[in-house]
Amino acid sequence: MNNLTLIAGLLMLMAVAYQIGLMRSRAVARTDSERMHSRPVYYGWLVALWCGVPALFVFGLWSLLEPAVIRSIVIGALPAELADMPAQQVSVLMNRLGHIASGFGVAGEVAPWEAAAAEQLTRLQAISQLAKIALMASLAMAGVLMARRHIRPSLRARNHVEKVIAALLAICAGVAVLTTVGIVFSMFGEAMHFFSFVSPMEFFFGTTWNPRFSTTGAGGQGEFGLLPLLWGTLMVSIIALLVAVPIGLMTAIYMAEYAPSWLRSVAKPVIEVLAGIPTIVYGVFALMVVGPFFASVGDMLGIQIRATSALTAGFVMGVMIIPFVSSLSDDIITQVPQSLRDGSLGLGATRSETIRQVVLPAALPGIVGAFLLAASRAIGETMIVVLAAGNSPVLHANPLEAVSTVTVTIVNQLTGDTDFASPQSLVAFALGLTLFVITLALNVVALYIVRKYREQYD
Amino acid sequence: MKMISPDVIGQRKESSEVASKAKMSARSVRVFYSEVEAIKGIDLDIMENEVIAFIGPSGCGKSTFLRTLNRMNDTIEDCRVEGTVTLDGQDIYDPSLDVVMLRAQVGMVFQKPNPFPKSIYDNVAYGPKLHGLARGRGDLDEIVENSLRRAGLWDEVKDRLDKPGTGLSGGQQQRLCIARAIAVSPEVILMDEPCSALDPIATAKIEELIDELSSQYSIAIVTHSMQQAARVSDRTAYFHLGELIEVNNTEKVFTQPDHHLTEAYITGRFG
Amino acid sequence: MSNETLSHRSIIQARVAKSLRKRHARERRFRVFGLAAVLAGLAFVALLFISILVRGLPAFWQATITAEVYFDPTLIQLEPRPVPREGETPQAFSEREIAWQSQLTMVNWNRILENSIIALKPELANSRRDVRALFTSSERFHLRDLVGNDPSLIGQRVTLDLVADANVDVWVRGNIDRSLPDSQQQLRPAVRALADELRAEGVLNIKFSKALFTNPDSRSSPASAGLAGAFMGSLFMMLIVIFLAVPVGVASAIYLEEFAPRNKITDLVEVNINNLAAVPSIVFGLLGAAIFINWFRLPLSAPLVGGLVLSLMTLPTVIIATRASLKAVPPSIRHAALALGASRVQAVFHHVLPLAIPGVLTGAIIGVAQALGETAPLLLIGMNAFVANIPTTPFDQSTALPVQIFLWQGNELRNFFEARTSAAIIVLLTMMISLNALAIWLRKKFERRW
């Protein structure tokens, strides 16, 4: 019986429990003179919950702990000479044992101790499965019996059920928090693992990025300097902001202050289409259209512009965040009270004077917040730079040359190869942690500024 | 609402006799918001150096009419104005006329104090700087000081000119807005319920100020408070559903209104 | 009025008048900048779509050879397909079945393909290699499957549309410079001449090809590479997102908006969700690699893992949208329900939530669309592996549509795959635009003003 059928069985059991609760409450209602507190469905639900929830809880806990427990028992029973094997080899061995146990077939001879261990593995798994089923079944039964016995008019079934519902909702809300915790811990853990190979000083202040391949052996450890990547990220993001901020801000101003309503109703959704296009599409667009265009412009001007360069990636990324900047700025500009505009226009200011000298200064904090959010978008963007930045992790200041960024390097170091033991792939987590911290800081500051700004005009 | 006692109305009698020449004239002015006619043909003169009050029930068009006088309605989409409005005999809706110029001559003070989120000094200096009125920093300082003095705010703010204007109290903010308006030396000042957001003491100060300013400016004031109209104005115009029902000396309007609607309104039968 | 003030006013008017021309010029410039910015935005949208359509649309049509194929019984020596015998164990039957299948595969299908052209041009009988180069290599499996499904074809002549090799497609369409010397051409001179000849005779045509929609990716036979595998992968992931992220997101939003006490902890959760929405997608990929792959040992490249990662990524979007639409339901509705004796749970589930459903749906669809277009996190959980099968369960190896685009844009056969990449983009964008249109339609249809 696999887990899916187990859950299905439990659900069926819950349906039965629901019926039991329903019937029982009706029976009680007939014999008892007192009025039932809740409608019968709630008693049904209560019994069903008592049937399902404890069993499910056990199931979850069991599934979580089972592999580790079995693994430690199997490892404990291995021949003594294997006791101090490095962690990496242990996991390789466990995989091998798993394959032997499942009859999947493995390379090489199966040693007698391996066969014994595999047999033990199979046995333990079977025992564990049986124990799990037995425990779940008895819990479900006990739950049903107990809940059924408690059904009487004074039982506030609805309140109980609603408490469970609220708890379930709260658990769901916890998932988002758990995700953050997961991100922080997994990032942090693996990054620490990485720092056991490479010192943090070397990583954060190194100016050379040359990780070498993990296949060159343990001796061929490369250099993991973050600075060239950070610089590349910064360069691409600045170019993106140089494109997106003027266009996005002017678009927002024009839409909010000048455009007739028909133009607004047409142009706004069209520009927002840009925000919905997947980044891979921008990447391909950069690679096929924008890069060659820049290169040919460079040819015409007699300067060398690489088709894949910081300029190409930054420009296309800028186009991508135009709607982001413009819709955020638009929100913020329209929040500036009309009375300020009237005050300025009433003094004989032209519209542009009003915008530049009254509206924009009033909206400045909000707009700065919007820019920070846009910057954090640009820094975390991946596909455009993977395709169009040229992947050259070298410190240089020329935007017409290829660069590499933090995100590109994460992809390069971890793609396809999830060997979690070499610094070459673990470095991705250190990079990810850096990226996470930078974008988080930008966001926290930006959201704080925007919130303060909103409160000012509320 | 109470009847206005006659002794209040007498206050501005002497100065009201000075008014003679029309500063602004409106002739058969009609205003439409898309298809809705908000103002239905109004003829009205605003004399030189007079204070004229516009009263009437909410939605009667008095604010809309006020806004046609410096073309603030231009900023509203689908608002259309018909008829003529002249300033010193010149049609202000003439396409060749520059609205910037017009608004420099016809200033406006709004219902809610709306100081810019800048320093007190910059609030007052805003208009003069835009219009290039000051020759140098000293000149500008002088304009700012004069305007604040005339608005009766100088003594209260002279030590904190660089503090934000939004930090002042409501009444001070409104006087700052008046100072801001007179800093560009307008000829007419339009006031749209300038005291509706203020407490009685601040209101009294503004009313005093209006009285003071009327020696140099024509002032049109929209107000909800009949007492205020009676206290500050030389003439009063009563608006009803987009029409001008009656305009006359304030004393006359409040003591012997010609029209039964005016009477009904000032005696508080509706409002 | 004194003369002094009169002259003062005329000085002022003169000064204002003097400044006007410059100020109006500045106003006009500003306005033009604004309009230019709007037009630039619109132009980017137009440029993007036009360049993709221009490049991608031709890829829906492919060089196709229409020829009469003779299923020559002398070449196809095949026993009748085995049927289960009485008393036969399933194992024994499946062994016979496999034997038959391998017999089917062993047939020289290439020769049958070649013969279809040689029948038209007997002079080519000695240059079979050139003839074979016309067809994309998977066409032999096409013939095999035809016969496998219907053995009665043996001995018949059937006119079929056969997909030409990618290089032939590139050549006949002129997507490669025809004047390049032989050393730089992808096809031998004889094959090029043959292709041109067949084109002129109307045997080789550019026809609408459904390979793009029905086939999985292929390396050995690029002309038949399709999106079906990636599409299924994306579909599985979207289903997982719909069944995980949407209910969990809606439930969280309900809790936070309707039940949670206002205190430091819920404030923290709120800040946390807002920031989670702005975490770069690639970080979710790292999370998936560390937790799902490394910790839980879930299979690499599986839509299951991809779906989980995308669900976590979409969660904040759904929560934020749902909360916004719950907030928009006026409190009077809640009060009315509570005043009638409904519990809070009942008030929320019977009254508030149904009113908020349009907003919830819109948010959910936008979240799903976002997940559909996401690439970066999938690369980190191995979904960029080449997969030649159409996945049938969420546990199978698979790619996704955006990842397929990524893989194709990197294909060495540039002048063929550039169009194919753009075509894949067209498919992806069509799906995303339909999803967004659905969201807009729902919003318009159920929009409610309070």
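User: Which element contributes the largest share of the nonpolar patch?

Analyst: In this predicted model, helix α2 (residues 40-76) of chain A supplies 6 residues, the largest share of the patch. Among the members of the patch are Phe57(A), Leu61(A) and Ile73(A), together with Trp295(C) and Phe296(C) from chain C. The accessible area of the whole patch is about 870 Å².

User: Why is Phe296(C) called partly exposed?

Analyst: Its relative accessibility is 41%. Buried would require under 20% and exposed over 50%, so the value for Phe296(C) falls in between and the residue counts as partly exposed. Phe296(C) is located in the loop between α11 (281-295) and α12 (303-328) of chain C.

User: What makes chain B as compact as a globular protein of its length?

Analyst: Chain B contains 12 helices and 10 strands. Its radius of gyration is 18 Å, and the globule rule gives 18 Å for 271 residues; the two values are close, so chain B is as compact as a globular protein of that length. The C-alpha trace of chain B spans about 55 × 45 × 30 Å along its principal axes. Of the 271 residues of chain B, 57% count as buried, the criterion being under 20% relative accessible area.

User: How many Å separate the centres of the two domains of chain A?

Analyst: Chain A is divided into domain 1 (3-155) and domain 2 (223-457). Taken over C-alpha atoms, their centres are separated by 49 Å.

How values were computed:
Residues are numbered from 1 along each chain as its sequence is written. Chains are lettered from A and ligands numbered from 1 in the order in which they are written. This is a predicted model: local features need pLDDT of at least 70, side-chain atom pairs count only at pLDDT 80 or more; totals for chains, interfaces and linings use all residues. Side-chain values use heavy atoms; hydrogens and water are left out. Patches are made of residues with over 30% relative accessible area and no salt bridge: like charges are joined within 9 Å, nonpolar side chains (Val, Leu, Ile, Met, Phe, Trp, Tyr) within 5 Å. Accessible areas come from the Shrake-Rupley method with a 1.4 Å probe; for residues, only the protein chains shown count as cover. A salt bridge is a side-chain nitrogen of Lys or Arg within 4 Å of a carboxyl oxygen of Asp or Glu. Helices (H or I, at least four residues) and strands (E, at least two) are DSSP runs, numbered from the N terminus. Buried means under 20% relative accessible area, exposed over 50%, partly exposed in between (1.4 Å probe, protein chains only). Domain bounds come from an automatic or database domain assignment. The radius of gyration is taken over C-alpha atoms; the globule rule is 2.2 Å times the number of residues to the power 0.38.
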